[in-house]
Amino acid sequence: MLDEVIVRVTSGHGGNGAMSFRREKYVEKGGPDGGEGGRGGDVIFVSTGRYSSLQFFAKKRTFRAQAGEPGAGRNKHGSDGLDITILVPLGTVLTDIVSEEVLADLVDEGETVTVAHGGSGGRGNASFATSVDRAPRYCEQGIPAEERRIRLRLKVLGDVGIVGFPNAGKSTLLSKLSAAHPKIADYPFTTLSPNLGVAFSPNSERITFADIPGLVEGAAEGRGLGNKFLAHIERSRVLLFLVDGSSSDPDPVQAYHLLCRELEQYSEQLAGKPRLIVVNKIDLISAQKRTGIRTRFVHQGIEPLMISALENRGIDAVIERGLALVQSAPVPPREQVTRIYKLKLSDETFEISRLPDGMLSASGRYLDRIIHTTDFEKPFQVTLLDQRMRKIGVEKALRKKGARDGQSVMIGGHVFTLGEETTTKR
């Protein structure tokens, strides 16, 4: 089962605006008619119950939305790029690799999150016509695409999480509780990936059980296979501690306390969940020993269920007790999500900072946008950029921080040389 992958997503580049003038017979000086470029497509993740793992991403881990089409003459706007929709299983957590910010925790069916927004299309020269400048000879380039590396981590959604040491009989129990068919064998670590099973009470009430690979002592520090999969039961409302009644080292009571210790070391939240203690394999021990095990648990304030998964004894009691605990247990909290903000073109504020090499840097949403939309091969666009930067006070702010003529500065991710009359790109 593939439960963690890193994918690369890229939104669509905005289409460039067009610089064009109306040219028709008998129409002199028709004026600018360059259209706007189309908007690039977004990258959208959608949760669905159709999948139970991230296996789809084993062969494909790069996704790119469609770019916007460029504008054209006669005020023709370019077509918008198509969004790309990526389906993921319920319970998938999306985290940005660079910032380590949680972008989304997709738990419910049909939840969506846009992780990379398509670039806006550039304006054509028709958009810049004014009473002062009736024939503008400049246009905008489209906003570049956004590219992100995102970690997808699946946390299985199960009402009851089954924990226990290897060979405690977790897979056998799951097969008796539900129609699931996990691998069952008489050796440790038979289960190598989480398994889900759906059980029904006599009243047809549904309850989901999640079985993870067996734990070993020190699992919270990374020993064995269980530590990797403990995250899958963080979603569970109830924990089912399954211990082997026939084991002597550790005995069932000791095994329970060892499991509790591992969960406490891994997560206080996980250890604090409602719990159900089940003693399995009672068919292998005498009635006297069963009574002794039960009495030791009861003296500690615990009422265990005594079952034999192999012989299908006590299975209904596990479903009924588990269902009762699930119905009264709180819903586990989701991952704390960092809000994703879209670009606001009206935000003309910017910040001046000093880079590690000593160079001054100016950056802001609006400032970065006008830098990206400028074609530096066209003098008209460079002049327009210079006017815009002077209008919002970029040069003034840089000089106030100590920048001098001829000095290199970083503006919107590009290196410029500060001049007396204009700021030129190097």
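In strand 17, Ile411 is the bridge partner of Ala362, and strand 16 (360-363) and strand 17 (408-411) pair in the parallel sense over two bridges, where two strands are said to pair if DSSP finds at least two bridges between them. Helices (H or I, at least four residues) and strands (E, at least two) are DSSP runs, numbered from the N terminus. The structure is a predicted model, in which local features need pLDDT of at least 70 and side-chain atom pairs count only at pLDDT 80 or more, whereas totals for chains, interfaces and linings use all residues. Residues are numbered from 1 along each chain as its sequence is written, and side-chain values use heavy atoms, with hydrogens and water left out.

Strand 17 is also joined to strand 18 (414-418), by four bridges, and these two strands run antiparallel. The bridge partner of Ile411 in strand 18 is His414. The hairpin of strand 17 and strand 18 has two residues between the strands, and in this hairpin Gly412 takes a positive phi near 60°. In a regular strand the side chains alternate between the two faces of the sheet. In strand 17, Ser408 and Met410 point one way and Val409 and Ile411 the other way, and all are buried; here buried means under 20% relative accessible area, exposed over 50%, and partly exposed in between (1.4 Å probe, protein chains only).

Helix 7 (residues 365-372) has as its buried residues Tyr366, Leu367, Arg369, Ile370 and Ile371. These buried residues pack against strand 16, helix 8 (379-392), helix 9 (394-400), strand 17 and strand 18. The axes of helix 7 and helix 8 come within 10 Å and cross at roughly 170°, axes being lines fitted to C-alpha atoms, for helices over the stretch in contact, with angles that run from 0 to 180 degrees between N-to-C directions. Helix 7 is therefore roughly antiparallel to helix 8, since angles under 35 degrees count as roughly parallel, over 145 as roughly antiparallel, 65 to 115 as roughly perpendicular and the rest as oblique. Tyr366, Leu367, Ile370 and Ile371 of helix 7 make the contact with Leu385, Arg388, Met389 and Ile392 of helix 8, where contact means heavy atoms within 4.5 Å.

The chain also contains nonpolar cores, each a set of buried Ala, Val, Leu, Ile, Met, Phe, Trp, Tyr and Cys residues joined through side-chain atoms within 4.5 Å. The largest nonpolar core has 24 residues, of which Ile233, Phe241, Tyr256, Leu263 and Phe297 touch the most other members. Two or more residues of this core come from each of strand 12 (238-244), helix 3 (252-266), helix 4 (268-271), strand 13 (275-280) and helix 5 (287-299), and helix 3 gives the most, with seven residues. When its neighbours within four places in sequence are left aside, Leu263 is in contact with Leu230, Leu239, Phe241, Leu270 and Ala271. Apart from this core lies another, of 23 residues, among them Ala199, Ile207, Val238 and Val278.

Elsewhere, three strands form an open sheet in the order 4-2-7, with mixed pairing. Strand 4 (84-89) and strand 7 (112-116) stand at the edges, each with a single partner strand, so one side of each is left without a neighbour in the sheet. The twist averages 30° from one strand to the next. Strand 2 (residues 43-48) pairs with strand 4 in the parallel sense over six bridges, and Thr85 in strand 4 is the bridge partner of Ile44. Thr10, which is found in strand 1 (residues 4-10), counts as buried because its relative accessibility is 5%. Beyond its neighbours within four places in sequence, Thr10 is in contact with Val43, Phe63, Arg64, Ala65, Ala145, Glu146 and Glu147.

Most residues other than glycine have a negative phi, and most peptide bonds are trans. The peptide bond from Asp249 to Pro250 is cis, with omega near 0°, and Pro250 has its place in the loop between strand 12 and helix 3. Glu100, although not a glycine, has a positive phi of about 60°; Glu100 lies in the loop between strand 5 (92-96) and strand 6 (102-106) and is partly exposed, with a relative accessible area of 48%.

For the protein chain as a whole, the secondary structure comes to nine helices and 19 strands, and 48% of the 426 residues count as buried.
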